[in-house]
Amino acid sequence: MKKLIRDNVLRIEQYEPGMPVEVLKRELAIEGEFSNLASNENPLGPSPLAINAIKKSLENGNLYPDNRCYYLKEKIAEHLGVPSKNLGVGNGTTELIYLIGVAFLNPGETFIMSESSFIMAKIIAQIMDNKLIEVPLKEYRHDLNNILRKITSDTKIVYFDNPMNPIGTVVAQQEFSMFMEKIPEDIIVVFDEAYYEYVNSKNFPNTLRFIEEGRNVIVLRTFSKMYGLAGFRVGYCAAKEEFIDAINRVSPPFSVNRFAQIGAVAALKDKTFIERTKEMNESGKKYLYENFEKMSVFYIPSETNFVTIDVKKGTKRIFEELQRKSVIVRPLTMYGKPTFLRVTVGTPEQNRRFIEAFKQVYKD
Ligand SMILES: Cc1ncc(COP(=O)(O)O)c(C=O)c1O
C-alpha cells in the first residue's frame, strides 16, 4: 500500500501558539483579567486610525479584496522609499515565509538558520523537505562567521530574524555588510524584521539597500507588532521584482483580506499611536530590567517588545503557577531553551502584575 502522507510532513515540528485567554480561563476556571504576555502583541490594541478605517469599510465586506494590494503597496512604497514593484503583501509575515518556501526551495536543498530563531522558518524548511542546518548562537546573537562556514553549493536560503525572536538581540550593519560580501551570489538571504519598529540600536542594518544593490535578499516586516494588527493578519516583503513575481505566483488569491489592507494603510499614518507604543514599550522594558536586576534574574537586553529571561531551572512550574495567577508568558522549550521564559512588555499594569506574580513563584 502506498504511503499517503509525505514522510517529511510527519517529521514537521508543530508550532505551538499561545492558548487564547478565553480557553485558558475556561480550563483553569479563573475569572477576571489576565495579563497575556505570551505572544508579543501590542498591549494598546490596534492603531485607532486603523480601527476607524476598518469600521467605515465593514459594509463592503461582501466584496472581494484587491488581490494585489495595490493601494497598500503604494503606501508602503512611500513609507519605505522603495518602488512598489519591489513589494509583496501576505496574510502576515508567516504566510510570506510559507510562500518563500514554496516558491524557492527544492527538496534536498539546504536551509540555514540560527538555533532558537523564529520557529516558522524551521517549519517551512521541513515542509519543503530541505536539509535544515541550525547554527548555535554566539553570546545570544547570530554567529555570522559560523553560518558562512556552513554554506555549501546546496544552500538555497539563509534566514535571519533580526531582531531575533525569542532572544531579542540584533546583529549590526557592519557585520551584515561583511557577511553579504562573502556570501555566494546564488543564495537567498531572508531578513525577517518583524520587530524592526522597536529597534533602538543606531547600527541596525539597512537591508533594503541590499535590494537596491540587486542582491538576492528578501526583507520581511509586519503590521502585527508595532501597528497592533496581529488579528487582522498583514505583513509585507521587499525584494527584487523577479522574486516578488515568484512569491505572487504561489500565493493563494485574496489571502490579504479587505480589512487588513484598509487597516494597514491607516496604521502606517498613525504616528501618535506608534509614539505611544514605543514610549510604553521602552518604559516597560526599563521597569522589567530593574526588577529582574533586583531579583538577580538573568535577562537578555532586548531590541523588541519582549524580554527573555533564564530562570536556571525547568520553567514548567513557574509557567503554570504564573498562569494560576492570571499571567501568561512563553516558555522556550520548543526553542531548545528549557530554562528560559519570554515575557512580552505589556501595559504598566500588566507588567506590574507579572512582576508581583513572578516574585512570588520564582523563589519557591
Ligand atoms: C521573527 C518573527 N517573524 C514573523 C512573525 C509573524 O508575524 P505575522 O504576525 O506577521 O505572521 C513573528 C511573530 O511573532 C516573529 O516573531
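Hi everyone, let's begin with the ligand: the shell around it holds 3 nonpolar, 8 polar and 2 charged residues. Here Ala, Val, Leu, Ile, Met, Phe, Trp, Tyr, Cys and Pro count as nonpolar, Asp, Glu, Lys and Arg as charged, and the others, Gly among them, as polar. Please keep in mind that this is a predicted model, where local features need pLDDT of at least 70, side-chain atom pairs count only at pLDDT 80 or more, and totals for chains, interfaces and linings use all residues. Residues are numbered from 1 along each chain as its sequence is written.

In total, 13 residues surround the ligand, and the closest are G92, T94, N165, T222 and S224. A residue is near a molecule if its C-beta atom, placed from the backbone, lies within 6 Å of it. Helix 5 (residues 92-104) gives the largest share of the shell, 3 residues. Helices (H or I, at least four residues) and strands (E, at least two) are DSSP runs, numbered from the N terminus.

Now the backbone. Most residues other than glycine have a negative phi, and most peptide bonds are trans. Which peptide bond from N162 is cis? The one to P163, with omega near -5 degrees. N165 and P166 are also joined by a cis bond, with omega about 15 degrees. P163 sits in the loop between strand 5 (155-161) and helix 8 (173-182), and P166 is found between strand 5 and helix 8 too.

Finally, N40 is not a glycine, yet its phi is positive, about 55 degrees. N40 counts as buried because it has 24 C-beta neighbours inside 10 Å; the cut-offs are 20 or more for buried, 12 or fewer for exposed, and partly exposed in between.
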